[in-house]
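Reader: I have a new model open and want a quick walk through the fold. Can you take my questions as they come?

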Amino acid sequence: MADIESLKRDLVTACRILHREGLVRAFGHISARIPGTDRLLIPPRMGPGLVRAEDVLTMDLSGKVLEGKREPNSEAAIHWSIYRARPDAMSVAHTHSPMTVVIGDLGLEVQPLHNEGTVFGEGVPRLDATGLIQTEEQGKALVAALGRSNAALLRAHGDVVVGSGVREACILALYLEDACRLMYQCLQVGKPVFLTPEESARIRPKTFNEKTVARAWEYFSEIAVR
Ligand SMILES: [Zn+2]
């Protein structure tokens with residue numbers, strides 16, 4: 001049980017971080033698979049910046065709430081659909097972050113322009129179906145678009161990222177927004193010179209690993225909960 005409580009605390013911290021960094025306001029969510037189970041922890045239908053550990057719901061992979069009193073998020077299918085299809089997925093974040101919408105709506109491919117962006121160097125697929133993702137069928141379409149990637153853009157909506165844990169998923173979401181913002185800013189003044197796949201492959205292991213995620217988490221969590 002102690003592990004579940006610490007997982008809930010990390011989820012709450014991740015919610016605060018995503019809120020403070022402007023990736024979510026009233027909408028958006030991050031979840032975690034309970035290790036070794038087909039269950040997930042997910043905040044209820046409320047602004048992520050308001051979530052407390054006692055609000056967090058336990059849900060199965062059909063979207064049924066097993067524990068918790070509050071109403072589930074209307075897009076919980078994003079989470080349980082990905083956990084069903086991706087055994088490697090231990091945490092999923094879905095945000096409506098502005099720059100991922102901009103790049104998705106421009107129909108541009110996310111390409112890295114900075115060291116941290118190389119974590120997306122193998123490409124970020126885009127789901128072109130619009131609107132909310134609330135049904136099993138819509139969840140399957142998202143899973144098909146996502147494939148084995150660690151992130152996908154949702155046109156006119158936002159993005160999803162998949163991590164090996166809550167901390168990693170949270171930092172990935174921040175880096176995806178950064179990568180999209182840098183693309184947007186560079187496009188204002190010229191033609192960006194993107195990092196090549198070879199450059200990305202060389203840089204990525206040094207800029208996105210257990211230690212760099214831990215350092216980023218330490219920084220963002222400390223300033224988010226002050
Ligand atoms: Zn959404």
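**Sheet, helices and a loop**

Author: Strand 3 and strand 4 run antiparallel, and two bridges join them. This is a predicted model, where local features need pLDDT of at least 70, side-chain atom pairs count only at pLDDT 80 or more, and totals for chains, interfaces and linings use all residues. Numbering starts from 1 along each chain, as its sequence is written.

Reader: OK. What counts as a strand or a helix here?
Author: Both are DSSP runs, numbered from the N terminus: strands are E with at least two residues, helices are H or I with at least four. Two strands pair if DSSP finds at least two bridges between them.

Reader: Which residue in strand 4 is the bridge partner of M59?
Author: V65.

Reader: Zoom out. What is the strand order in the open sheet?
Author: The order is 4-3-2-1-5-8-7-6. That is eight strands, with mixed pairing. Strand 4 (65-67) and strand 6 (126-127) are the edge strands, each pairing on one side only.

Reader: Next, strand 5. Over how many bridges does strand 5 pair with strand 1?
Author: Four, again antiparallel. I30 stands opposite A93 in strand 5.

Reader: How many residues of strand 5 are buried?
Author: Five of its five. Buried means 20 or more other C-beta atoms within 10 Å of a residue's own; exposed means 12 or fewer, partly exposed is in between, and C-beta atoms are placed from the backbone.

Reader: Which residues sit on which side?
Author: S91, A93 and T95 are on one side, V92 and H94 on the other. Both faces of strand 5 are covered. In a regular strand, side chains alternate between the two faces of the sheet.

Reader: Which strands does helix 5 lie across?
Author: Strand 1, strand 5 (91-95), strand 7 (151-154) and strand 8 (158-163). Helix 5 runs at about 145 degrees to strand 8. Axes are lines fitted to C-alpha atoms, for helices over the stretch in contact, and angles run from 0 to 180 degrees between N-to-C directions.

Reader: V166 is in helix 5. Is V166 buried or exposed?
Author: V166 is buried, because 28 other C-beta atoms lie within 10 Å.

Reader: What does V166 touch?
Author: L7, D10, L11, A14, I30, A32 and S91, leaving out residues up to four places away in sequence. Contact means C-beta atoms, placed from the backbone, within 7 Å.

Reader: At what angle do helix 3 and helix 5 pack?
Author: About 55 degrees, with axes 8 Å apart. Helix 3 and helix 5 are therefore oblique to each other. The cut-offs: under 35 degrees is roughly parallel, over 145 roughly antiparallel, 65 to 115 roughly perpendicular, and the rest oblique.

Reader: Which residues in helix 3 and helix 5 meet?
Author: M99, T100, V102 and I103 of helix 3 meet L176, E177, C180, R181, M183 and Y184 of helix 5. By class, this contact of helix 3 with helix 5 has seven nonpolar, one polar and two charged residues. Nonpolar covers Ala, Val, Leu, Ile, Met, Phe, Trp, Tyr, Cys and Pro; charged covers Asp, Glu, Lys and Arg; the others, Gly among them, are polar.

Reader: How far apart are the axes of helix 2 and helix 4?
Author: 9 Å, at an angle of about 55 degrees. Helix 2 and helix 4 are therefore oblique to each other.

Reader: Last one. Where is A156?
Author: In the loop between strand 7 and strand 8. A156 has a positive phi of about 60 degrees, although it is not a glycine. A156 is exposed, because 12 other C-beta atoms lie within 10 Å.

Methods. Contact = placed C-beta atoms within 7 Å.
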